[in-house]
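This report describes the packing of the helices and selected loop residues in the structure shown below. Please keep the sequence at hand while reading.

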Amino acid sequence: DIAELDGNVDEAERAARACDISRLMLLDRRFHQVIATSAGNPVLAEILGHLHDRSLRVWFMSLRDAQHHRRVIGEHRAIVAALRARDADAAEQAMRGHMAGYRGNIIRQL
């Protein structure tokens, strides 16, 4: 799972350089899907899938900002590093930072 997450973030960097928003959206969804599935909680994975489906419009809007792409990639790297280290506190903090970054970007876009 860690190798898949690493590959995902690397591919997201390439997609960001190419301004390929559709690809970034797919990669972002997959990133979070891998984490939810790895948690071993199928209900969580299902709920997150539904939330992603319902938030596509807002999600697309959040990816219009090229600076946000770089921030998201950095946030994803921090999440993967914490998971690789098996540091639950760091993973929680990285994920909370990621959610706060998303929220802040949406507010800026509105």
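Is Arg86 buried or exposed? Arg86 is exposed, with a relative accessible area of 78%; buried means under 20% relative accessible area, exposed over 50%, and partly exposed in between, for a 1.4 Å probe and protein chains only. The model is a predicted one, in which local features need pLDDT of at least 70 and side-chain atom pairs count only at pLDDT 80 or more, whereas totals for chains, interfaces and linings use all residues. Residues are numbered from 1 along each chain as its sequence is written, and side-chain values use heavy atoms, with hydrogens and water left out.

**Loop residues with positive phi**

Arg86 belongs to the loop between α5 and α6. Helices are DSSP runs (H or I, at least four residues), numbered from the N terminus. The phi angle of Arg86 is near 55°, a positive value in a residue other than glycine. Cys19, in the loop between α1 and α2, also has a phi near 55°, positive in a residue other than glycine. Cys19 is exposed, at a relative accessible area of 56%.

**The nonpolar core**

The largest nonpolar core has 14 residues, and Leu5 and Phe31 touch the most other members. Such a core is a set of buried Ala, Val, Leu, Ile, Met, Phe, Trp, Tyr and Cys residues joined through side-chain atoms within 4.5 Å. Two or more core residues come from each of α1 (2–17), α2 (21–38) and α5 (66–84). With residues up to four places away in sequence not counted, Leu5 touches Phe31, Val34, Ile35, Val80 and Leu83; contact means heavy atoms within 4.5 Å. In soluble globular proteins, nonpolar side chains tend to be buried together.

**Helix pairs**

Two packed helices are described by the angle between their axes and the distance between the axes. Axes are lines fitted to C-alpha atoms, for helices over the stretch in contact, and angles run from 0 to 180 degrees between N-to-C directions.

| Helix pair | Axes come within | Crossing angle |
|---|---|---|
| α5 and α6 (residues 88–109) | 8 Å | roughly 165° |
| α2 and α3 (residues 42–54) | 9 Å | roughly 160° |

The α2 helix is therefore roughly antiparallel to α3, a term for angles over 145 degrees. α5 and α6 are likewise roughly antiparallel to each other. The crossing of α5 with α6 is left-handed, while α2 passes α3 in a right-handed crossing. A crossing is left-handed if the near helix is turned anticlockwise from the far one by less than a right angle, and right-handed if clockwise.

In the second pair, Asp28, Arg29, His32, Ala36 and Thr37 of α2 meet Leu44, Ala45, Leu48, Gly49, His52 and Asp53 of α3. This contact has four nonpolar, four polar and three charged residues. Ala, Val, Leu, Ile, Met, Phe, Trp, Tyr, Cys and Pro count as nonpolar, Asp, Glu, Lys and Arg as charged, and the others, Gly among them, as polar.

**Further positions**

Asp65 lies in the loop between α4 (56–62) and α5. Leaving aside neighbours within four places in sequence, Asp65 is in contact with Arg71, Asn105 and Gln109. Asp65 and Tyr102 are 37 residues apart in sequence and 11 Å apart in space, C-alpha to C-alpha.

Gly7 is found in helix α1 and is partly exposed, with a relative accessible area of 31%.

Notes: Angles under 35 degrees count as roughly parallel, over 145 as roughly antiparallel, 65 to 115 as roughly perpendicular and the rest as oblique.
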